[in-house]
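Let's take a friendly walk through a protein model. Have a look at the sequence and the 3D view first, then read on.

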Amino acid sequence: MLKVEHIGIAVASLDVSVPLFEKLLNTPCYKKEEVSSEQVLTAFFQQGETKIELLEATGPDSAIAKFLAKKGEGMHHIAFEVADIYAEMARLQQEGFVLLQETPKKGADNKLICFLHPKNTNGVLIEICQDIK
């Protein structure tokens, strides 16, 4: 794992949360994107090397909608950049971690992504991601 790539925060509304985070971080949102396969709208901020991803559900069956119903708004996941997502997935499986996907899928911000089950990571949802080349 190379670095923390971003921190994902589940929000009820990007219309409310984007201006709030623009004020909080004193920087504009640099990108909004819909990931229809995940039923989510995303908004990204960057300060130095650190990115924040806000996530709004677009459907009632999405993981973000279920998260919001259960826990409310707040931190959803921490994403780590990896050089080779396939090799890292194999390594993590060999170490006994449970992956939520058998193969990486396309995520926001031009990334291949895979999530680890939080039951194996002290209750924290971990994402590993790699730039799509």
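A pocket, as the word is used here, is an open set of grid points where a 1.4 Å probe fits, with protein on both sides within 12 Å along at least five of seven lines. Its volume is the space filled by probe spheres set on those points. Keep in mind that this is a predicted model. With that in hand, here is the tour, topic by topic.

**The largest pocket**

- The largest pocket holds about 690 Å³ of space.
- A total of 33 residues line the largest pocket, and the ones nearest its centre are Ala63, Ile64, His76, Phe115 and Leu125.
- Several elements give two or more residues to this lining: strands E1 (3–10), E3 (40–47), E4 (50–57), E5 (74–81), E6 (105–107) and E7 (111–116), along with helix H2 (63–71).
- Which element gives the largest share of the lining? That's H2, with 6 residues.
- Sort the lining residues by type and you get 15 nonpolar, 10 charged and 8 polar.

**The nonpolar cores**

- The largest nonpolar core is made of 11 residues: Ile9, Val11, Leu14, Val18, Phe21, Leu25, Cys29, Ala43, Phe45, Ile52 and Leu54.

- A quick reminder: a disulfide is a covalent bond between the sulfur atoms of two cysteines.
- How many disulfides does the structure hold? The count is 0.
- To count as a disulfide, the two sulfur atoms would have to be within 2.5 Å.
- Cys129 is likewise in no disulfide.
- Cys114 is buried, with a relative accessible area of 0%, and Cys129 is buried with a value of 0% too.

- Most residues other than glycine have a negative phi.
- Gln39 has a phi near 55 degrees, a positive value in a residue other than glycine.
- You'll find Gln39 in the loop between E2 and E3, and Gln39 counts as partly exposed because its relative accessibility is 30%.
- Asp109 has a positive phi as well, near 60 degrees, and is not a glycine.
- Asp109 sits in the loop between E6 and E7, and at 9% relative accessibility Asp109 counts as buried.

- Pro60 lies in the loop between E4 and H2.
- Is Pro60 buried or exposed? Pro60 counts as exposed because its relative accessibility is 71%, and the cut-off for exposed is over 50%.
- Pro60 and Gln39 are 21 residues apart along the chain, and their C-alpha atoms are separated by 8.6 Å.
- Not counting residues up to four places away in sequence, Pro60 touches Gln39 and Ala65.

- Thr27 is in the loop between helix H1 (14–25) and strand E2 (31–35).
- Thr27 is buried, with a relative accessible area of 16%, because anything under 20% counts as buried.
- Beyond residues up to four places away in sequence, Thr27 touches Phe21, Glu22, Phe45, Gln46 and Gln47.
- Gln130 belongs to strand E8 (residues 126–131), and Gln130 counts as buried at 12% relative accessibility.
- Setting aside residues up to four places away in sequence, Gln130 touches Val82, Ala83, Asp84, Ile85, Asn110, Lys111 and Leu112.
- Thr50 is in strand E4, and at 40% relative accessibility Thr50 counts as partly exposed.
- Thr50 and Glu88 are 38 residues apart in sequence and 21 Å apart in space, C-alpha to C-alpha.

Note on methods. Residues numbered from 1 in each chain as written. Predicted model: local features only at pLDDT ≥ 70, side-chain atom pairs only at ≥ 80, totals over all residues. Heavy atoms only, no water. Helix = DSSP H or I, 4+ residues; strand = E, 2+ residues; numbered from the N terminus. Buried < 20%, exposed > 50% of the residue type's maximum accessible area, 1.4 Å probe, protein only. Contact = heavy atoms within 4.5 Å. 1 Å grid on protein atoms, 1.4 Å probe; cavity = no way out; pocket = protein on both sides within 12 Å on 5 of 7 lines; lining within 4 Å. Nonpolar A, V, L, I, M, F, W, Y, C, P; charged D, E, K, R; others polar. Core = buried A, V, L, I, M, F, W, Y, C linked by side-chain atoms within 4.5 Å.
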